[in-house]
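Please open the model in a viewer and keep the selection panel at hand.

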Amino acid sequence: MTPSLRVEGLGKRYGERRVLSGVDLVAGRGEILAVLGANGAGKTTLLSIIAGITSHDEGDVRVLGVDVRAHPKAVRGRIGWAAQDTAVYPTHTVEENLRYFGTLGGVRRGGLRASVDAVMEALDLTRSSRTPVRDLSGGQRRRVHAACALVHRPELILLDEPTVGADPETRRDLLRLVAAIARDGATVLYTSHYLGEIEDLDARVVVLGGGRCLAEGPVSDLVSRHARSELVLRFHGPPPTTHWPGARVDEDLLRLPTADPAIDIIKAVEWVGAERDRLRSVDIAKADLESAYFNILRAGSCP
Amino acid sequence: MPVTPVVAVLHHDLIWLRRDPVPFVTLLLTPCLLMSFTAPLYAGVASRLGHEGASGADFSVPGMALMFAFFMGGVIKESIFREFELHTWNRVQVSGASAGDLLGGKILLGGMLVLGQSSVLFLVGGLLLGLNVRGSMVALIVLLVGVAVCVVSFSLALCTLARSRSQAFAYDRVITLVWTVLGGALVPIELMPSWVRALATVTPVHWAVSGLREVIVGGGGLRQVLLSVACLFAFSLVFCAIALWRVSKKVDRGFRW
Ligand SMILES: Nc1ncnc2c1ncn2[C@@H]1O[C@H](COP(=O)(O)OP(=O)(O)OP(=O)(O)O)[C@@H](O)[C@H]1O
Ligand SMILES: [Mg+2]
């Protein structure tokens, strides 16, 4: 079966500036692919190339088996794209916005009511359905923006930082919806700077840096490959020196890598011994996506 | 039956106009006022030109209708630039409409607005101001359709030539005012110096004015306005060609203004 998305050797320049080079991606039906990277890493550029809005200089991009730039009509209405910039009509009500994008996306008149209602329900927009978007709060507008990408039940969904400015409840609703849509067989490309969201989505992750793909894999893989739990000891004044393998001093913090925090914490406290008076606190920093992400960016090389 | 994207775009923009009708309404009321203020003035002009039976409205109504038809083009420009400012231009295209569908919707909208506006102005002129169309109604309608096509294509060309919304509107004001005056919509061409008369023929307004005069005052039919209509469509073709050429260049650059 052809994957929903296949990107091979993708390269993109803006003038002299190289934004993407040799990026490879594959995503199948029902998969959530999270694209991570620092500001300016090229996430938005990548998504808008996949959406067929921006041209690329090198490589091959196939969306639902089709070259989007060459045959935009063939994928029309099968992609849902919520760009980084909110793109909805402020003069129109929530429902009018959704009906418009639903119609353009090919939802038949008979099914439109149900599709619009379902997405409004899922994103808690039902109460404001008849409110013009300009009278909504920033976070609510962001919800409408995401809803417009989902209303026509596209096969490939591109969500570029959909949860920016959203309150925790909205974020939870949106993540639930994205997970449900993926379970129904759609492919989701998701960018976010909130790494906790990516862990909650249990997505496969691609980290972009320097225009290249620095690391790729399921969250758990990246964490086990690139992050280790640490014991974090905070002292009054500079920490004492130690031969603990991989220990790092960070101002008044001493970071000790550990594979087994429960055992090592006892060892560490014993080791502190005479310096115990100066010890202020001991914490366990569990290996998570955030620490893996920083390590990947620091290493800056493909595994 | 599925709604075609063009119809969806048109319907969507009509909702926008309904929510904010001020631009459209002012473009209806202002010419109505100006038509009635200037009608007495034109009564003298009519007799000076030897059209003894003609009323002032026979001159003021078509003149104002033409000038404000071109101003109505501003609504089309606004509806296009708005899509860029709202970031919806690209979004709509990913959602399932092509750039052609989007522009098609806007073209229909513009055509409807200009035709609606002229119909209202001619009705007000006929019912309240003493406008008397002596010639063929069909010829009048054909001419007004020609004007609408010309206004819409001119607006598209301006949108694609301008680098920004404010540029588009600045060019629009200058060009519209210059060619309504040059073309004889405000002051009949016979009263202007001969060099202006020579220049007038390169404005679409001139062809519209002379066609309308032929039907309203001269009692002409389709045959008599054929040249005017042909010229209006020729201008429209040129404007469309400019728009297409500019759009194709913009598409290469990712369609940014
Ligand atoms: N239209 C453009 N013209 C020139 N350069 C551009 C253009 N769009 C983006 N860039 C550049 O391309 C690079 C990548 O931008 P992009 O928006 O893809 O980053 P991003 O990963 O989405 O960042 P962020 O996290 O801030 O959203 C940036 O350096 C940006 O300056
Ligand atoms: Mg971005």
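Begin by selecting A:Arg17 together with ligand 1: a polar side-chain atom of A:Arg17 lies 2.8 Å from an oxygen atom of the ligand, a polar contact being a pair of N or O atoms within 3.5 Å, where within protein one must be able to donate a hydrogen and the other to accept it, and residues adjacent in sequence count only if both atoms are side-chain atoms. The structure is a predicted model, in which local features need pLDDT of at least 70 and side-chain atom pairs count only at pLDDT 80 or more, while totals for chains, interfaces and linings use all residues. Residues are numbered from 1 along each chain as its sequence is written, chains are lettered from A and ligands numbered from 1 in the order in which they are written, and side-chain values use heavy atoms, with hydrogens and water left out.

For A:Gln84, the corresponding distance to an oxygen atom of ligand 1 is 2.9 Å.

Now colour the two chains separately. Their contact (heavy atoms within 4.5 Å) takes 27 residues from chain A and 25 residues from chain B. The area buried between them is about 2,600 Å², with carbon and sulfur atoms giving 59%; buried area is the accessible area (1.4 Å probe) that two parts lose on being put together, summed over both. Select A:Tyr89, A:Tyr100 and A:Leu104, which supply 23% of the area that chain A buries against chain B, more than any other three residues.

Proceed to B:Arg19 and A:Glu96, whose side chains meet in a salt bridge at 2.8 Å, N to O (a side-chain nitrogen of Lys or Arg within 4 Å of a carboxyl oxygen of Asp or Glu). The rule finds one salt bridge across this interface.

Finally, select domain 1 (5–223) and domain 2 (228–286) of chain A, with bounds from an automatic or database domain assignment. Their C-alpha centres lie 42 Å apart.
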